[in-house]
Amino acid sequence: MELRTVNTFLHIAELHSFSRTARHLGYSQSAVTVQIKALEEELGVRLFDRMNKRVLLTVDGQRFLEYANSIL
């Protein structure tokens, strides 16, 4: 797990958007998507519910949010 990916996760949780996170961090939207997909695969859980262009944390995502905040 890379700190860059944890940082991306935290921004998505705050902004509720992959595209806004990408713009804010200077990444492409596909790079953000790849980072989160890899993180979800590594953790073995879905972190976000994707609804149209808005994303919300799942229960597992909320748990990981506490951990991510403690890391950074």
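Two strands are taken as paired if DSSP finds at least two bridges between them. In this predicted model, strands E1 (residues 48-51) and E2 (residues 54-57) run antiparallel and are joined by 4 bridges. Phe48 has Leu57 in E2 as its bridge partner. The hairpin of E1 and E2 has 2 residues between the strands. Within this hairpin, Asn52 adopts a positive phi near 55°.

Helix H1 covers residues 3-15. Its 13 residues should span 18 Å at 1.5 Å a residue, and the end C-alpha atoms are 18 Å apart, so the two values agree. His16 follows H1 and has a positive phi, near 55°.

Much of the description of H1 concerns burial. Thr5, Val6, Thr8, Phe9, Leu10, His11, Ile12 and Ala13 are buried in this helix. The buried residues of H1 pack against helices H2 (18-25), H3 (29-43) and H4 (59-71). They also pack against strands E1 and E2.

Thr5 and Leu3 both belong to H1. Thr5 has a relative accessible area of 9% and is therefore buried, the cut-off being under 20%. Beyond its neighbours within four places in sequence, Thr5 is in contact with Gln35 and Leu39. Leu3 has a relative accessibility of 54%, so it counts as exposed, the cut-off here being over 50%.

Leu3 also contributes to a nonpolar surface patch. Met1, Leu43, Tyr67, Ile71 and Leu72 make up this patch together with Leu3. The patch has an area of about 550 Å².

How values were computed. Residues numbered from 1 in each chain as written. Predicted model: local features only at pLDDT ≥ 70, side-chain atom pairs only at ≥ 80, totals over all residues. Heavy atoms only, no water. Patch = residues over 30% accessible without salt bridge, like charges linked within 9 Å, V, L, I, M, F, W, Y side chains within 5 Å. Areas by Shrake-Rupley, 256 points an atom, 1.4 Å probe, with all protein chains shown as cover. Salt bridge = Lys/Arg side-chain N within 4 Å of Asp/Glu carboxyl O. Buried < 20%, exposed > 50% of the residue type's maximum accessible area, 1.4 Å probe, protein only. Contact = heavy atoms within 4.5 Å. Expected span 1.5 Å × (residues − 1).
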